[in-house]
Amino acid sequence: MEFTTIFGLGLGAILIIISIMIAGQLSYFWDIASVMITIGGTIASTIISFRGKNLKNLMPVLKKAFKKSNADLNTDIEMIIDLANVARREGLLALEEQLANINDPFLKKGISMIVDGTDIELIKSILQTEVYFIQARHMEGQDLFNTMANFAPAYGLIGTLIGLILMLQTLDDLSSLGKNMAVALVTTFYGSVLANLIFIPISKKLKAQSDAEVLQKELYIEGLLSIQEGENPRIIRDKLNSFIAR
């Protein structure tokens, strides 16, 4: 579980609630019409903007923001160096025996191609293409939350306009004045909170996790190509350590 995501969301929500309670009452900030306008409008526009396939992936993508990454570049470097030592002592074909000890499908695929004697440029092209499509899939999830972040404040503004119109139409009815003003202001509040506390931070967290995974895959590629070229494990270590310094 990614602790920072839960902690950040919880801290933001708690601070907002405490600030409201210090200044007034929570009930002042609850309006069902505002909820329907902001959340309902955001959901509706998001459904229009994306294909069904993308929307089905919403929950799996959201779970990634709460899932801790297991990537450890230091461990990955040591694993690559171990493979390099095996290849240097026993030859590239000996790497086939190491496949059972490797869990990452990307790395296992690269090693299999090395064992099969695939041309180094072809290995590089295949693996880099796979990284490209990994990034593309990740960007779809980021774009989904960025889109909701754009729609939420917009519907907050729509709610404000609706509330102001209703207020102006019923200025002579003092009993409805407060309700209409609440719709006008609370809807904007909802839109801003949804965008800045939930949607934008989750999008940024997904991007950070994507960047970490892509960096790991690039390290794998560099290590695999170096192994196939028969480079000294000490040289390979120096090259891979540059990934950690980024």
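This is a predicted model: local features need pLDDT of at least 70, side-chain atom pairs count only at pLDDT 80 or more; totals for chains, interfaces and linings use all residues.

Modeller: Residues are numbered from 1 along each chain as its sequence is written, and side-chain values use heavy atoms, with hydrogens and water left out.

Colleague: What makes helix 6 roughly antiparallel to helix 7?

Modeller: Two packed helices are described by the angle between their axes and the distance between the axes. Helix 6 (residues 105-115) and helix 7 pack at about 165 degrees, with their axes 10 Å apart. Angles run from 0 to 180 degrees between N-to-C directions, and the axes are lines fitted to C-alpha atoms, for helices over the stretch in contact. Angles under 35 degrees count as roughly parallel, over 145 as roughly antiparallel, 65 to 115 as roughly perpendicular and the rest as oblique. The angle of about 165 degrees therefore makes helix 6 roughly antiparallel to helix 7.

Colleague: Which residues make the contact of helix 6 with helix 7?

Modeller: Contact means heavy atoms within 4.5 Å. Helix 6 contributes F106, K109, G110, M113 and I114, and helix 7 contributes I123, I126, L127, E130 and V131. By class, this contact of helix 6 with helix 7 has seven nonpolar, one polar and two charged residues. Here Ala, Val, Leu, Ile, Met, Phe, Trp, Tyr, Cys and Pro count as nonpolar, Asp, Glu, Lys and Arg as charged, and the others, Gly among them, as polar.

Colleague: Why is helix 2 called oblique to helix 7?

Modeller: The axes of helix 2 and helix 7 cross at roughly 135 degrees and come within 8 Å. That angle makes helix 2 oblique to helix 7. Among the residues in the contact are G41 and S45 of helix 2 and F151 and G159 of helix 7. By class, the contact of helix 2 with helix 7 has seven nonpolar, nine polar and no charged residues.

Colleague: Why is helix 4 described as roughly perpendicular to helix 7?

Modeller: The axes of helix 4 and helix 7 cross at roughly 95 degrees and come within 10 Å. That angle makes helix 4 roughly perpendicular to helix 7. The contact joins L58, V61, L62 and K64 of helix 4 to H138, G141, L144, F145 and M148 of helix 7.

Colleague: What makes a space a pocket and not a cavity?

Modeller: On a 1 Å grid over the protein atoms alone, a cavity is a set of points where a 1.4 Å probe fits but cannot get out, whereas a pocket is an open set with protein on both sides within 12 Å along at least five of seven lines; lining residues have an atom within 4 Å of a point. About 750 Å³ of space lies in the largest pocket, and K64, K67, H138, Q209 and E213 lie nearest its centre among 30 lining residues. Helix 8 gives the most to this lining of the largest pocket, with eight residues.

Terms used. Grid points are joined across faces, edges and corners, and a volume is the space filled by probe spheres set on the points. Helices (H or I, at least four residues) and strands (E, at least two) are DSSP runs, numbered from the N terminus.
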